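This briefing looks at aromatic rings and how they pair. A pair of aromatic rings is described by the distance of the centres and the angle of the planes.

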Amino acid sequence: MTEKLATDQRTPALSAWAGASAILFDLDGVLTPTATVHEQAWQELFESYLALQPQVAAYSESDYFDHIDGKPRFDGVRDFLASRGIVLPEGPTDDDPANITVQGLGNRKNGIFNDIVSAGVEPFAGSVRFLEAVLDRGLKVAVVSSSRNAPAVLAAAGLSSYFPVVVDGVVAAREGLPGKPSPATYEYAATLLDLPSEECVVVEDAVSGVQAGNAGSFHSVVGVDRGAGRKTLLDAGATVVVNELDELL
């Protein structure tokens, strides 16, 4: 990765994107509060599944951040199950959500998530202010999300028109791109914007996403602390950590 800017509190937050040509935003937890919806959906999924596995440790809040947060859906299923020493058949990608397979459980989680967000999504006000300021200054933007629901979430939040480039779980699967913490999806977004990675800032709230930005040759990595913790995000490779994106203005 290119040399990062200093991360101590003396560094003005705005310097994290000074001289950049584009901002690459994660979606859930960065632009919209849907990270908490994902967390709720995962909890509902695994509490239900583990109720049938009484010999296995129950699902806890830390499991989301330790094994699932920021990863492609089916990787999250596999990694959580691995934490409990459980290996399930993969199943087909369109497996019935009632089936006890990796794909079946992932599709069940997706159904739970969609039921929750169908009522609409309110984006973070500070993130919208930052997004509009970025566009006013002529920078390009893209969304890079592990979720296969990114277009639906952007539409529900009224943000679709801001983002001509969206690299989500569907695009990653189609292009054969590994998910976060690999930098591949962010690098692909930079390519679609016709920019080198070195001119693009990665904005992430998940450890795996910050690691993805840190693993590539990006301008910088902005961590947004929505629960992972400032030190955790800095240790993962964030250039600077903020609580709200308008702190960058």
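Phe 46 is buried (under 20% relative accessible area; exposed is over 50%, partly exposed in between; 1.4 Å probe, protein chains only), with a relative accessible area of 0%. The model is predicted: local features need pLDDT of at least 70, side-chain atom pairs count only at pLDDT 80 or more, and totals for chains, interfaces and linings use all residues. Residues are numbered from 1 along each chain as its sequence is written, and side-chain values use heavy atoms, with hydrogens and water left out.

**Stacked pair**
- The whole structure holds nine aromatic pairs (Phe, Tyr or six-membered Trp ring centres within 6.5 Å; planes under 30 degrees apart are stacked, over 60 edge-to-face, the rest tilted).
- One of them is Trp 42 with Phe 46, stacked at 5.6 Å centre to centre and 10° between the planes.
- Both residues lie in helix H1 (residues 34–50), four residues apart, about one turn of the helix.
- Helices (H or I, at least four residues) and strands (E, at least two) are DSSP runs, numbered from the N terminus.
- Trp 42 is buried too, at 4% relative accessibility.

**Edge-to-face pair**
- Tyr 186 and Phe 218 have ring centres 6.2 Å apart and planes at 75°, so they pair edge-to-face.
- Tyr 186 is in helix H8 (residues 184–192), and Phe 218 is in the loop between helix H9 (207–215) and strand S5 (220–224), so the pair ties together parts 32 residues apart in sequence.
- Tyr 186 is buried at 0% relative accessibility, and Phe 218 is buried at 0%.

**Cluster**
- Trp 17, Phe 25, Phe 130 and Phe 163 make up one aromatic cluster.
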